[in-house]
Amino acid sequence: MLRAKYINKITEVNKIFLEKVIEKGDVVIDATMGNGYDTVYLGNLVGENGKVYAFDVQEEAIKSTRKKVERDNMTSRVELILDGHENLDAYVKEEVACVVFNLGYLPRAKHIIITKPDTTLEAIKKSLKLLKPNGIISIAAYIGHEGGLEEKNYICEYLNSLDQSEFNVLHMQFTNQINNPPQLILVEKKG
């Protein structure tokens, strides 16, 4: 897998961690499928015997992602679900290696539909229960839009209270970039 050799984007920093954790045959969740780039990326990481559950509440996200999944011959390993990530436990019953969240809105779509603090926190709590030992939750928190900073603060308040004997929580941000760059929050379930 080709990886960019720079760290000026949170998404590239995130891949460093994802590629350390996810193995062929793993089950993973894309909690915010968006345009499907993470879904396909995760599908490559889990390989033919793995499984990706991808969630979004917007039909256009499903359509965009379906095209990429079909193009890359991943239909047998990727399940696209038109539902909110707060309901992920209704679909996913097995332990997962990773749950990926990109908070905010669907790029190139209506910015009035955004992730919400209460449903995101509910999804995170359910994700913690599904994680296998040494599994991670990866949260890219986009804080530049209205409600983004509040959502990040809301979930961080909860994550900061997690028992350190059970979870590691890492929070990264670029401190010299302008325009409210996204922040990366990783939660690892201790093995």
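This is a predicted model: local features need pLDDT of at least 70, side-chain atom pairs count only at pLDDT 80 or more; totals for chains, interfaces and linings use all residues.
Helices (H or I, at least four residues) and strands (E, at least two) are DSSP runs, numbered from the N terminus. Helix α2 covers residues 37–46. Seven of its ten residues are buried, so α2 is largely enclosed by the rest of the structure. Here "buried" means under 20% relative accessible area, "exposed" means over 50%, and "partly exposed" lies in between, using a 1.4 Å probe and protein chains only. The buried residues of α2 are Thr39, Val40, Tyr41, Leu42, Gly43, Leu45 and Val46. What covers them? The cover includes the helices α1 and α3, along with the strands β1 (27–30), β2 (51–56), β3 (78–82) and β4 (96–103).

Let us return to leucine 42. With a relative accessible area of 1%, leucine 42 is buried. Not counting residues up to four places away in sequence, leucine 42 touches Ile22, Val28, Ile29, Asp30, Val52 and Val100; contact means heavy atoms within 4.5 Å. Leucine 42 and arginine 77 are 35 residues apart in sequence, and their C-alpha atoms are 10 Å apart in space. Just after α2 comes glycine 47, which takes a positive phi of about 70°.

Now look across to α3, which spans residues 59–71. The axes of α2 and α3 come within 9 Å and cross at roughly 30°. These axes are lines fitted to C-alpha atoms, for helices over the stretch in contact, and the angles run from 0 to 180 degrees between N-to-C directions. The two helices are therefore roughly parallel to each other; angles under 35 degrees count as roughly parallel, over 145 as roughly antiparallel, 65 to 115 as roughly perpendicular and the rest as oblique. The crossing of α2 past α3 is right-handed. A crossing is right-handed if the near helix is turned clockwise from the far one by less than a right angle, and left-handed if anticlockwise. At the contact, Tyr37, Thr39 and Val40 in α2 meet Thr65, Lys68 and Val69 in α3. Those residues divide into three nonpolar, two polar and one charged. In this sorting, Ala, Val, Leu, Ile, Met, Phe, Trp, Tyr, Cys and Pro count as nonpolar, Asp, Glu, Lys and Arg as charged, and the others, Gly among them, as polar.

Is threonine 65 buried or exposed? At 0% relative accessibility, threonine 65 counts as buried. The side chain of threonine 65 reaches the backbone nitrogen of glycine 36 at 3.2 Å. Leaving aside neighbours within four places in sequence, threonine 65 is in contact with Met33, Gly34, Asn35, Gly36, Thr39 and Leu80.

Helix α4 (residues 117–130) and helix α5 (residues 148–159) have axes that come within 9 Å and cross at roughly 35°, and α4 passes α5 in a right-handed crossing. On the α4 side, the contact is made by Pro117, Asp118, Thr120, Leu121, Ile124, Lys125 and Leu128, while α5 brings Glu151, Tyr154, Ile155, Tyr158 and Leu159. By class, this contact has eight nonpolar, one polar and three charged residues.

Our last stop is the backbone. Most residues other than glycine have a negative phi. Asparagine 73 has a positive phi, near 55°. Asparagine 73 is found in the loop between α3 and β3, and at 61% relative accessibility it counts as exposed. Asparagine 134 also has a positive phi, about 70°, although it is not a glycine. Asparagine 134 lies in strand β5 (residues 131–141) and, at 42% relative accessibility, counts as partly exposed. Asparagine 134 is among the contacts of valine 21, a residue of helix α1 (residues 10–21).

Key: Residues are numbered from 1 along each chain as its sequence is written. Side-chain values use heavy atoms; hydrogens and water are left out. A polar contact is a pair of N or O atoms within 3.5 Å; within protein, one must be able to donate a hydrogen and the other to accept it, and residues adjacent in sequence count only if both atoms are side-chain atoms.
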